[in-house]
Amino acid sequence: MEHADGLPQPQRNQAVLTIALGIIMAVVDSAIANVALPTIAADLDASPAFSIWIVNGYQLAITISLLPLASLGEIVGYRRVYLVGLVLFTLASAFCALAHTLPLLTIARIIQGFGAAGIMSVNAALVRFTYPRSQLGRGIGLNALVVAFSAAVGPTLSPNPDWVSYLVRDDGRWKRSTIFTLPAHALVHVTIYNFDGASGLRNPILGRPTGLVGPEIVDGKPITVMPPDEPSHTFAVPQLGIVVPVAPVGDDAKNQCGYAPCAMSMAHRTIEFTFRTGKPGKYRWQCFVPCAAGFVDGFGGPMQTIGYMDGFLNVV
Ligand SMILES: [Cu+2]
């Protein structure tokens, strides 16, 4: 066989990198969906029982086809199985991104699973032909490290499941929604149930409720300023001069909520306020502190992404 004792050096490193990238994608895609599942389910308005098929579809497809594809690799060539797997995986990934209903997403995930199986099934065989016989142990070890690392890092690469966000009650369901249509020149009464803990105020100006009609009411009591280090987040509409510091749940509170949507029986704070919308237009609203923890004066932080603690008021 031509490459019986591994690939020569420049090609060997390139092959190692390519194999690693392929397997990282296949493994990360499995872990990512687990973590993002509640968000995906909320987004597609699907029940937990049905949305789990986003994970099941991918993993079942891999489980079914892994061994047959490894065997097929022996017959038609590893390169062919790997390349077809890679192309299928890539196309199915694009299909996943475009899928806007749960059945379509599930089908895309099944196809993606078959693609991933193509990549995974011949992975070890490719490692075998890449390294010289004397370094085969090292090659397999490195490959196992990449697989383990991908599984661990997958959750942190998902679309920010740990970020705090606003859920809005719509038809009795909690939905993530941060773009609100409101009538012009109207008084809007807002009630926020905050389940998040204290993160500390980095910009004291934002601890003073401003721009409201009447006071900010926290757990039934009006306040004029929130003590430093308390506000967990702020609801601010800069164009309307509105700043509302959001009272936090104490770190020692019992019955803390781990994942939204939270039951009202969980520890929470109730923040109420009223503001006037003004003339028609598009007003940006966002959280300043501590969504921007670690950023200058609390501006420009990671949660300031539309869909999390940031959005628009469409005043019509
Ligand atoms: Cu925030």
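Predicted model: local features only at pLDDT ≥ 70, side-chain atom pairs only at ≥ 80, totals over all residues.
The protein contains seven helices and eleven strands. Of its 316 residues, 32% count as buried.

Helix H5 packs against two other helices described here. Helix H4 spans residues 78-98, and helix H5 spans residues 102-121. Their axes lie 7 Å apart, at an angle of about 155 degrees. Angles over 145 degrees count as roughly antiparallel, so H4 is roughly antiparallel to H5. The crossing of the two helices is left-handed. On the H4 side, the contact includes Val81, Tyr82, Leu88, Phe89 and Phe95. On the H5 side, the contributors include Leu105, Arg109, Phe114, Ala116, Ala117 and Ile119. By class, the residues of this contact divide into 16 nonpolar, six polar and one charged.

Helix H3, residues 53-76, also packs against H5. The angle here is about 30 degrees, and the axes are again 7 Å apart. The crossing of H3 and H5 is right-handed. Their contact has 15 nonpolar, nine polar and one charged residues.

The largest nonpolar core holds 30 residues. Within this core, Ala26, Ala116, Ala117, Ile119 and Met120 touch the most other members. Five helices each supply at least two of the core residues: H1 (9-44), H3, H4, H5 and H6 (123-130). The largest share comes from H5, with nine residues. Two of the residues named above, Ala116 and Ile119, also take part in the contact of H5 with H4. Beyond its neighbours within four places in sequence, Ala26 is in contact with Phe89, Ala116, Ile119 and Met120. Of these, Phe89 belongs to the H4 side of the contact between H4 and H5. A separate core of 24 residues lies apart from the largest one. Its members include Leu206, Trp285, Met309 and Leu313.

In sequence, Gly258 and Asp196 are 62 residues apart. In space, their C-alpha atoms are 9.1 Å apart.

Definitions and conventions: Residues numbered from 1 in each chain as written. Axes fitted to C-alpha atoms, helices over the stretch in contact; angles between N-to-C directions. Helix = DSSP H or I, 4+ residues; strand = E, 2+ residues; numbered from the N terminus. Parallel < 35°, antiparallel > 145°, perpendicular 65-115°, else oblique. Left-handed = near helix turned anticlockwise from the far one by under 90°. Contact = placed C-beta atoms within 7 Å. Nonpolar A, V, L, I, M, F, W, Y, C, P; charged D, E, K, R; others polar. Buried ≥ 20, exposed ≤ 12 C-beta atoms within 10 Å, placed from the backbone. Core = buried A, V, L, I, M, F, W, Y, C linked by C-beta atoms within 7 Å.
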